[in-house]
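Here's a quick walk through one model, going from a helix to the core and then to a few single residues. Have the viewer open as you read.

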Amino acid sequence: MQLHAQLPEGFVYVKDVIPDLDVDLRYHGKNNFVGTSIDGYETNRLILTEHAAKALFLVQQYLQDRNLCLLVYDGYRPQRAVNHFIRWAKKLNDTLTKPSFYPDVAKANLFKFEYIASRSGHSKGSTVDLTIIDGNTGELLDMGSTYDFFGEESWGNYKGITTQQKANRVLLQHAMLKHGFRNYPKEWWHFTLIGEPFPYTFFDFPIK
């Protein structure tokens, strides 16, 4: 059991609730649209509200019954990380990650098209970015676009994907909705707990 001293009341380290959960916090490393580690991500430890973590436990159980597992890319996100995104977005000449993450969107339009915002639901502690992996091989299920791809290909209702890719998205949507999470329509990976405990509070404690 990890120490929880630095977490606000109502938050948990998700591995304490789901010990076998796969976590790859993309903003802790460099494999993200900014191309560097993001402010506030001091370690690869997933934090969520206790309510969200307990709901996610049920999703993991549901998928494991089908020999599948969750892989989580992000959960609670400090406001300082969002501020880091904003600073990056304003540096229009920094486009090193454009080919991988936003090839068809001008960097100047990332705010306009709501790919980046000055406030994030993640900072309220009950929003997760995730996908599904094979329980035996650990391979990602093909969702038709990569995580954090800024474009219509990532929209939940995007038509230009294969039948299998669509089925994989539907499975993720169903598993999450069944256990109390609603999807953000422009990002197949983004889900927020319905009835989240801190709907109006944006937290800024670091992930460590």
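Helices here are DSSP runs of H or I with at least four residues, strands are E runs of at least two, and both are numbered from the N terminus. This is a predicted model, where local features need pLDDT of at least 70, side-chain atom pairs count only at pLDDT 80 or more, and totals for chains, interfaces and linings use all residues. Residues are numbered from 1 along each chain as its sequence is written, and side-chain values use heavy atoms, with hydrogens and water left out.

Back to the helix itself. α5 has 16 residues and spans 22 Å from its first C-alpha to its last, close to the 22 Å expected at 1.5 Å a residue (the expected span is 1.5 Å times one less than the number of residues). Which residues of α5 are buried? They are Gln-165, Asn-168, Arg-169, Leu-172, Ala-175 and Met-176, where buried means under 20% relative accessible area, exposed over 50% and partly exposed in between, with a 1.4 Å probe and protein chains only. These residues sit on the same side of α5 because they cover an arc of only 130 degrees around the axis; the arc is that of the directions from the helix axis to the C-beta atoms. An α-helix has 3.6 residues a turn, so residues three or four places apart point the same way. Over on the other side of α5, Thr-163, Leu-177 and Lys-178 are exposed. The cover over the buried residues of α5 includes α2, β4, β5, β6 (181-184) and β7.

Now for the core. The largest nonpolar core has 60 residues, meaning a set of buried Ala, Val, Leu, Ile, Met, Phe, Trp, Tyr and Cys residues joined through side-chain atoms within 4.5 Å. Among those with the most contacts inside this core are Leu-130, Leu-172 and Met-176. Elements giving two or more residues to this core include α2 (50-64), β5 (127-134) and α5 (163-178), and α2 gives the most, with seven residues. Leu-130 touches Leu-172 and Met-176, and its partners also include Leu-56, Trp-188 and Phe-191. Contact here means heavy atoms within 4.5 Å.

Ile-47 is found in strand β3 and counts as buried because its relative accessibility is 1%. Beyond four places in sequence, Ile-47 touches residues including Leu-7, Phe-11, Tyr-76, Phe-205 and Ile-207. Its C-alpha atom is separated by 13 Å from that of Pro-19, 28 residues apart along the chain.

What about a charged side chain? Asp-74, in strand β4, counts as buried at 0% relative accessibility. Its side chain makes the two polar contacts tabulated below; a polar contact is a pair of N or O atoms within 3.5 Å, and within protein one must be able to donate a hydrogen and the other to accept it, with residues adjacent in sequence counting only if both atoms are side-chain atoms.

| Side-chain pair | Distance |
|---|---|
| Asp-74 and Tyr-41 | 2.7 Å |
| Asp-74 and Arg-77 | 2.8 Å |

Leaving aside neighbours within four places, Asp-74 is also in contact with residues including Leu-25, His-122 and Tyr-147.

Glu-114 is not a glycine but has a positive phi of about 65 degrees, and Glu-114 lies in the loop between α4 (98-101) and β5. Asp-148, also not a glycine, has a positive phi of about 65 degrees. Asp-148 is in the loop between β5 and α5 and is buried, with a relative accessible area of 5%.
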